Structures are given as C-alpha cells and as structure tokens.
Amino acid sequence: MPELSQETERGRAALPFGTAEVTGPSMVPTLQHGDLLVVQYGARVRPGDVVVLRHPFQQDLLVVKRAAERREGGWWVLGDNAYAGGDSTDYGTVPEELVLGKVRFRYRPLKKDQRSPFAVARWLLSAARPVLSDRSASRRLRAR
C-alpha cells in the first residue's frame, strides 16, 4: 500500500497544493515506488481520479488510490495493481472526510543507473506527466 511522506500534511495547511512521495506497488503502472506527486487538497473528486486519503483504520497513514465510485458512506477506492491489495476490498468504503485531495501531477526522478544518453533521453520524455482521471478504469475497477 503506498505510504506518503508526512510533508504532505505539513504543506496542506499553508497552500492548496502539496507534494508527496509514493512507496509501494499498489498503483503500478500509473504510479511507481519513488514517484513524487503534486496533490491539490480539497479538490472535487470524481470517479476515476487518483486521490490521497487517510487509511480508515490507521489515520496517521496516508495512501494513494483511485476513486472508483461514490457509495453510501463515502468513496470506494481501488489500487491500479489488483495484486497489491490494501484498498476498499480490504477496508470497505472510505468516508468523504478522509479523502484529502486529488493527485494532479507525477514526477519520476532519474535513477542512478540511468547514465547512458538513450536512458536519459527516455527519462526526459516520461519523467513528468499529469495524472489524469481514467473513467474507463473506474468502470473496469468496479467490476472487481
């Protein structure tokens, strides 16, 4: 389950945007371990959005998931990696007040072993990307 840095919480009070770092595989292939995220706090969430939320049972733990659909009592959230677990299939619907914000942008840092010109060029083309809603993914995820 991706855990986010606590800097996310500190930045939230001052600005509507903050940063977070992903750890864990539950959002692969959309997000990878080590990705840096720009989060918009208080943004309106729609099905298919990637969101940052407090874990329902460990509220000091911040996680990133895809909001699949709104249900009675909050949001049904799922990881993009079905084999990683740690989503609403384990803990049920997440109350609205635990959903903190929407992920707007992803930055993938350069790895130490990416030294060749080809690897650096490939990284330049894919390092920074907006994280867009995937409406088709929310329909696919609902079927799980």
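**Rings and a charge in a predicted model**

Author: Let's start with Arg-71, which lies over the face of Trp-76 in this predicted model, 3.9 Å from the ring centre.

Reader: What makes Arg-71 count as lying over the face of Trp-76?

Author: The distance is 3.9 Å from the ring centre, and the cut-off is within 6 Å, together with an angle within 35 degrees of the ring normal.

Reader: How many aromatic pairs does a search of the whole structure find?

Author: Two. One of them joins Phe-57 and Tyr-91, with ring centres 6.4 Å apart and planes at 85°.

Reader: Where do Phe-57 and Tyr-91 sit in the chain?

Author: Phe-57 is in the loop between strands S3 and S4, Tyr-91 is in helix H2, and they are 34 residues apart.

Reader: How do you know whether Phe-57 is buried or exposed?

Author: Its relative accessible area is 63%, and exposed means over 50%, so Phe-57 is exposed. Tyr-91 comes out at 9%, under the 20% limit, so Tyr-91 is buried.

Reader: What about Tyr-107 and Trp-123?

Author: They make an edge-to-face pair too, at 6.4 Å centre to centre and 80° between the planes. Tyr-107 belongs to strand S6 and Trp-123 to helix H3, so this pair ties together parts 16 residues apart in sequence.

Reader: Why is Tyr-107 called partly exposed?

Author: Its 33% falls between the 20% and 50% cut-offs, so Tyr-107 is partly exposed. Trp-123, at 16%, is under 20% and therefore buried.

Technical notes. Residues are numbered from 1 along each chain as its sequence is written. This is a predicted model: local features need pLDDT of at least 70, side-chain atom pairs count only at pLDDT 80 or more; totals for chains, interfaces and linings use all residues. Side-chain values use heavy atoms; hydrogens and water are left out. Rings of Phe, Tyr and Trp (its six-membered ring) pair if their centres lie within 6.5 Å; planes under 30 degrees apart count as stacked, over 60 as edge-to-face and the rest as tilted. Helices (H or I, at least four residues) and strands (E, at least two) are DSSP runs, numbered from the N terminus. Buried means under 20% relative accessible area, exposed over 50%, partly exposed in between (1.4 Å probe, protein chains only).
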